[in-house]
Amino acid sequence: MQTRLYQITPDNTIVLQEIGAILRSGGLVGIPTETVYGLAANALDGPAVAKIFWAKGRPQDNPLIVHISEFSQIYTLVREVPSQAVALARAYWPGPLTIILPKSPSIPDEVSAGLDTVAVRMPSHPLARAIIRAAGVVLAAPSANLSGSPSPTTAQHVLDDMAGRIDAVVDGGPCEVGVESTVVTLAAERPRLLRPGGITLEKLRAILGEVDVDRAVEEQLAAGEKASSPGMKYKHYAPKAHVVIVRGPFSRYAEYVNAHAGADIAALCYEGEEAALQVRAFPCGRRDDPSSQAQHLFDTLRALDGMKIKTAYARCPEKDGVGLAVYNRLLRAAAFEIVDV
Ligand code: TXA
Ligand code: MG
């Protein structure tokens with residue numbers, strides 16, 4: 001299959017209609033969102049959703065997020081909309097937040113992967129919303145990477161993984177947030193953060209009061225332990241290089257990295273730190289600016305892949321604010337390997 005690349009703006013209604021028609025007829029389209037690129041299909045078309053799993057090589061037990069463009073669409077997807085969901089949506093939709101609620105019978109099993117809940121999100125990227133509107137159907141969309149590899153934050157990343165496997169990719173420029181949406185469940189006894197993202201824990205607590213943090217956010221689950229969010233149990237975001245997080249002040253980080261220097265060794269550091277390092281350095285955002293780290297994390301991990309790096313030593317992100325999302329993703333890229341220096 002030839003994958004078409006569309007370069008359009010949200011006011012290009014003729015081409016948007018063409019993209020909408022691909023989705024309505026059961027096709028797969030890579031779409032930009034403010035977080036990462038998504039691989040979209042009509043969420044209410046089971047066989048179309050099944051193709052997403054095939055294209056990504058995604059485990060069948062990992063459910064998908066349903067993307068909406070108008071709040072009213074949520075009423076067709078879930079059994080009821082609690083006041084907490086309304087309050088969250090008022091505060092943070094459209095935006096990088098996914099809310100989990102008990103699902104309505106309209107949700108195909110392919111989307112919910114056998115769970116009795118469904119994940120819903122209203123993205124803020126103007127093209128994402130224009131595409132949902134043009135399709136006239138809600139869209140199931142996981143990140144548009146091959147399962148296990150870093151999420152795509154440019155249309156080129158999507159093509160690198162998906163060319164020949166999907167109908168089209170829509171180029172909406174580099175993603176603003178750079179890591180996937182925050183996932184919070186309102187289907188449990190108390191609100192619980194399952195995946196940190198652009199809407200921080202502090203921002204959730206400002207609306208919901210108490211919010212628990214799922215153990216899988218910062219820790220590795222034991223083999224066979226049940227994950228609240230199935231995606232959290234898989235090795236994720238992993239570049240081909242072996243990634244190790246080196247936790248400690250920069251001077252000790254630099255000492256450690258320089259002691260391990262070699263042609264196939266890399267440093268995943270912050271901007272401005274390169275000069276002190278005797279290995280190839282990949283700066284990823286600014287030290288005191290977790291949003292900039294989030295924005296560049298996945299393209300930096302992908303850049304490592306192009307360079308035949310054996311081991312990359314990464315700086316350990318602070319866990320405040322959006323930093324928790326950076327830490328959570330990097331921890332998985334490193335398969336939970338941390339060295340304290
Ligand atoms: O920012 C994002 O959320 C992007 C863009 C494209 O919207 N999408 C995304 O989808 O990251 P994906 O499939 O890569 O990650 C969805 C995560 C997975 O960890 C999955 O296990 C979890 O959400 N999830 C989905 N439905 C769930 C449910 N009903 N209960 C618990 N976790 C769920
Ligand atoms: Mg993903």
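Since the model is predicted, I kept local features only at pLDDT of at least 70 and side-chain atom pairs only at pLDDT 80 or more, while totals for chains, interfaces and linings use all residues. Residues count from 1 along each chain as its sequence is written, chains are lettered from A and ligands numbered from 1 in the order written, and side-chain values use heavy atoms, with hydrogens and water left out.

**Domains.** The assignment (automatic or from a database) gives domain 1 as 4–217 and domain 2 as 242–340. Their centres, over C-alpha atoms, sit 28 Å apart.

**Interface.** I find 26 residues of domain 1 in contact with 14 of domain 2 (contact: heavy atoms within 4.5 Å). The two domains bury about 1,500 Å² between them, 56% of it on carbon and sulfur atoms (buried area: accessible area, 1.4 Å probe, that two parts lose on being put together, summed over both). P150, V179 and P196 supply 32% of what domain 1 buries there, more than any other three residues.

The rule gives 2 salt bridges across the interface (side-chain nitrogen of Lys or Arg within 4 Å of a carboxyl oxygen of Asp or Glu). I also noted the salt bridge of R302 with D161, with the closest N and O atoms 3.0 Å apart. On the domain 1 side, α6 (155–162) gives the most, with 3 residues (helices are DSSP runs of H or I, at least four residues; strands are runs of E, at least two; both numbered from the N terminus).

**Salt bridges overall.** The whole structure has 17.

- D214 pairs with R192, closest N and O atoms 2.2 Å apart. D214 is in the loop between β11 and β12 and R192 in strand β10, so the pair ties together parts 22 residues apart in sequence. D214 is buried at 11% relative accessible area, and R192 is partly exposed at 21% (buried: under 20%; exposed: over 50%; partly exposed: in between; 1.4 Å probe, protein chains only).
- R247 pairs with D340 at 2.7 Å between the closest N and O atoms. R247 lies in β12 and D340 in β16, so this one ties together parts 93 residues apart in sequence. R247 is partly exposed at 31%, whereas D340 is exposed at 55%.
- E273 pairs with R315, again with closest N and O atoms 2.7 Å apart. E273 and R315 are 42 residues apart, and both are buried.

Last entry: I see R190, E210 and D212 joined into one network by salt bridges that share partners.
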